[in-house]
Amino acid sequence: MRFADSLQALFPEPRCPDQNGTAQNGLGLLLFDLDGTLINSVPDLAAAVDAMLQQFGREPAGEERVSHWVGNGADQLIRRALADGDEAAANAFPASNIQPWRDAFDQAYLAALHQATGVYPGVEAFLKGISLPKVLITNKPRLFTLPLLESLGWSQYFSLVLCGDDLAEKKPSPLPLLHACHEMKVSTDNALMIGDSRHDIGAAKAARIKTVAVSYGYNHGESIALSQPDLLVDNLLQLVASA
């Protein structure tokens, strides 16, 4: 596959030499978000949240509300569910109070991960067709990420997988993106972040990495266009040149 002109235009030549003095030209690394970018995980997440809530005698939240709560890891998702979406109240929950709810959520969600979650149109073909190194950067805990990738048959696509509990900080911090570039020995000038939320775009901008946003993701109910990505697409195959 050859990249579309709109994407190639983000990486004009010539590039500045890297730290080893080697000339760097063009796109060399793809960084991917997971939930809302590659897969629609809301149905499984909502089912797990609802099972957790009902186990403790509370009303289920439903997919629509859960779709606005995802993107900052499992603990924050649980906090938002307990606070009915009130962000201030969610952040006020002590960590020690979350654990029983987290145990119930983990049990319910792990049961769903062995069935592949819905893949967005164009994603499978894009992952298969693009030979550049790929890194998955997700705020999802490793406990959930690896079984999910295995169930989807995607483990071989990614040279590196960075999860929400791997580093000291997660998105919207730029740390995971910078770590990925360092590990893959690729300049941030030659990397591209593909995501669906303001956290993906904000982390990339803080790392001075070019961005592509997908229009179909979650982003807490806001238009991702407000985050001003370098490119906005409805399908990842729009990043590929027509035959």
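This is a predicted model: local features need pLDDT of at least 70, side-chain atom pairs count only at pLDDT 80 or more; totals for chains, interfaces and linings use all residues.
**Entry 1: helix 4 and its cover**

What covers the buried residues of helix 4? Residues are numbered from 1 along each chain as its sequence is written, and side-chain values use heavy atoms, with hydrogens and water left out.

I found that the cover of the buried residues of helix 4 includes helix 2, helix 3 (63-67), helix 5 (87-92), helix 6 (95-112) and helix 8 (142-152). I took helices (H or I, at least four residues) and strands (E, at least two) as DSSP runs, numbered from the N terminus. Helix 4 is mostly covered, with 8 of its 9 residues buried. Buried means under 20% relative accessible area, exposed over 50%, and partly exposed in between (1.4 Å probe, protein chains only). Among the buried residues of helix 4 I listed Gln-76, Arg-79 and Arg-80.

**Entry 2: helix 2 against helix 4**

I then looked up how helix 2 (residues 42-55) packs on helix 4 (residues 74-82): the angle is about 55° and the axes are 11 Å apart. That makes helix 2 oblique to helix 4. For this class, angles under 35 degrees count as roughly parallel, over 145 as roughly antiparallel, 65 to 115 as roughly perpendicular and the rest as oblique. The axes are lines fitted to C-alpha atoms, for helices over the stretch in contact, and angles run from 0 to 180 degrees between N-to-C directions.

Which residues make the contact? Helix 2 contributes Leu-45, Val-49, Met-52 and Leu-53, and helix 4 contributes Leu-77, Ile-78, Ala-81 and Leu-82. Contact means heavy atoms within 4.5 Å. I recorded 8 nonpolar residues in this contact, no polar and no charged. Ala, Val, Leu, Ile, Met, Phe, Trp, Tyr, Cys and Pro count as nonpolar, Asp, Glu, Lys and Arg as charged, and the others, Gly among them, as polar.

**Entry 3: salt bridges**

How many salt bridges does the structure hold? I recorded 10, a salt bridge being a side-chain nitrogen of Lys or Arg within 4 Å of a carboxyl oxygen of Asp or Glu.

In one of them, the closest N and O atoms of Lys-140 and Asp-35 are 3.1 Å apart. This pair links distant parts of the chain, 105 residues apart: Lys-140 lies in the loop between strand 4 (134-137) and helix 8, and Asp-35 in the loop between strand 1 (29-32) and strand 2 (39-40). Both Lys-140 and Asp-35 are buried.

Within helix 6, I noted Asp-106 and Arg-102, 4 residues apart, about one turn of the helix. Their closest N and O atoms are 2.6 Å apart. Asp-106 is buried at 14% relative accessible area, and Arg-102 is buried at 13%.

Arg-2 and Asp-5 also form a salt bridge (3.8 Å, N to O); Asp-5 is exposed, at 57%.

**Entry 4: backbone geometry**

The peptide bond from Lys-171 to Pro-172 is cis, with omega near 20°. I located Pro-172 in the loop between strand 5 (160-162) and helix 9 (175-184).

Asp-84 is not a glycine, yet has a positive phi of about 55°. Asp-84 sits in the loop between helix 4 and helix 5 and is partly exposed, at 48%. Gln-228, likewise not a glycine, has a positive phi of about 55°. I placed Gln-228 in the loop between strand 7 (210-214) and strand 8 (231-233), where Gln-228 is exposed, at 60%.
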